[in-house]
Protein chains: 2
Amino acid sequence: MDQAKSPNIHHPFQQSFPTVARMPSTPITEHLAYLLAQANREINRQLDARFKKEGVPVEQWRILKVLSDGKGHSMGDLADAVLLNHPTLTKMVDRMVSDALVYRVQDPDDRRKVMMFISDRGKTLTQRLNSLALSQEAHIAENYGNKATADLKRLLESLIEKAN
Amino acid sequence: MDQAKSPNIHHPFQQSFPTVARMPSTPITEHLAYLLAQANREINRQLDARFKKEGVPVEQWRILKVLSDGKGHSMGDLADAVLLNHPTLTKMVDRMVSDALVYRVQDPDDRRKVMMFISDRGKTLTQRLNSLALSQEAHIAENYGNKATADLKRLLESLIEKAN
DNA sequence: AGGAAAATATTGAATATTCAACGATTCCCG
DNA sequence: CGGGAATCGTTGAATATTCAATATTTTCCT
């Protein structure tokens with residue numbers, strides 16, 4: 001009866017009381033990093049829920065959106081724009097090529113580069129996703145307030161700018 | 001010479017011009033979801049850089065910080081508090097148990113539950129991490145402004161609250 | 001010109017995360 | 001009380017991400 005199946009489980013008698021006064025330190029919920037993570041997670045979750053029926057993750061929407069200017073974008077530029085590192089982007093683009101949402105064209109001016117383009121299929125999907133995203137933004141603005149939303153965006157932009 | 005080694009690469013002649021006027025739609029950089037992702041990513045990157053010398057990912061710091069109230073926290077509560085889903089938390093805690101930063105105690109009142117506690121080793125590490133995190137916050141407040149930082153935190157808190 | 005260094009994208013192995021299923025325990029209610 | 005449903009945490013398989021190494025092409029320097 002002593003050695004149960006779960007490893008790593010102590011039994012309760014080892015509670016030790018702190019011998020020195022514990023300096024409380026700020027709770028995690030007051031750190032900017034935590035608040036950003038939490039807000040980001042929540043907004044993303046909501047957006048993902050809306051995209052669910054199209055079966056497209058948020059990152060692919062970002063890629064499509066960047067490409068929907070119709071110009072070619074190199075993988076490097078795209079990676080920066082959509083906040084993905086290079087290998088992750090390569091693999092995600094592979095999937096999108098399989099789904100015929102985007103295609104690769106070798107840049108004739110610099111043959112190291114690959115220019116990404118959006119396909120017609122990608123464009124029509126993007127439109128559907130955009131309207132889902134817009135409806136989410138509207139929903140946020142609705143019960144969070146237009147002013148708060150605008151203020152928040154402005155502050156975030158400024159933070160990002162300063163952080164670089 | 002026709003069939004090169006790279007698959008999926010079209011050659012440039014297939015550029016098609018849009019036949020209908022393209023509605024520009026808002027750029028990705030103006031979406032709240034994108035701004036949050038970008039800010040979160042950047043702040044996290046900076047924090048991770050500071051934690052680098054301790055070799056601890058941000059998530060572990062969050063776990064340690066929550067546990068440093070000295071009370072026991074169930075895995076479920078912890079998962080909510082540190083924004084990780086259950087299996088991910090279980091595996092991260094496994095590593096932290098190996099590193100003797102935390103330990104598990106079976107809850108005697110509800111034997112389905114496991115209560116997590118921080119070890120002494122975990123506590124001293126937490127102190128070092130806290131001071132790194134504080135110095136980051138100070139650095140942010142410094143060239144972003146105390147007011148902006150406070151405003152941003154307030155807005156984020158309110159967004160999170162509304163979103164639930 | 002020629003060769004070292006830098007830039008670009010991809011690959012493969014190692015690592016991490018997620019999803020679904022499970023085992024154990026407790027709760028609920030007839 | 002008894003047994004089905006709910007809760008809690010973990011596991012294993014599938015999937016995704018990351019790190020380091022690679023191949024290719026271009027740039028730079030002398």
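In strand 4 of chain B, Val114(B) is the bridge partner of Gln106(B). That pairing is a friendly place to start a tour of this predicted model.

**Strands of chain B**
- Strand 3 (residues 102–106) of chain B runs antiparallel to strand 4 of chain B, and 5 bridges link the pair.
- Strand 4 of chain B also pairs with strand 2 (residues 73–74) of chain B, in the antiparallel sense and through 2 bridges.
- Met115(B) in strand 4 of chain B has Ser74(B) standing opposite.
- Strand 4 covers residues 114–118 of chain B, and 4 of its 5 residues are buried, leaving the strand mostly covered.

**Two helices of chain A**
- Helix 3 (residues 75–82) of chain A packs against helix 4 (residues 86–98) of chain A at an angle of about 100°, and their axes are 10 Å apart.
- Because of that angle, helix 3 of chain A counts as roughly perpendicular to helix 4 of chain A.
- Helix 3 of chain A brings Met75(A), Gly76(A), Leu78(A), Ala79(A) and Val82(A) to the contact, while helix 4 of chain A brings His86(A), Leu89(A), Thr90(A) and Val93(A).
- Sorted by class, this contact has 6 nonpolar residues, 3 polar ones and no charged ones.

**How the two chains relate**

Notes: Residues numbered from 1 in each chain as written. Chains lettered and ligands numbered in written order. Predicted model: local features only at pLDDT ≥ 70, side-chain atom pairs only at ≥ 80, totals over all residues. Heavy atoms only, no water. Buried < 20%, exposed > 50% of the residue type's maximum accessible area, 1.4 Å probe, protein only. Pairing = 2+ DSSP bridges. Axes fitted to C-alpha atoms, helices over the stretch in contact; angles between N-to-C directions. Parallel < 35°, antiparallel > 145°, perpendicular 65-115°, else oblique. Contact = heavy atoms within 4.5 Å. Nonpolar A, V, L, I, M, F, W, Y, C, P; charged D, E, K, R; others polar.
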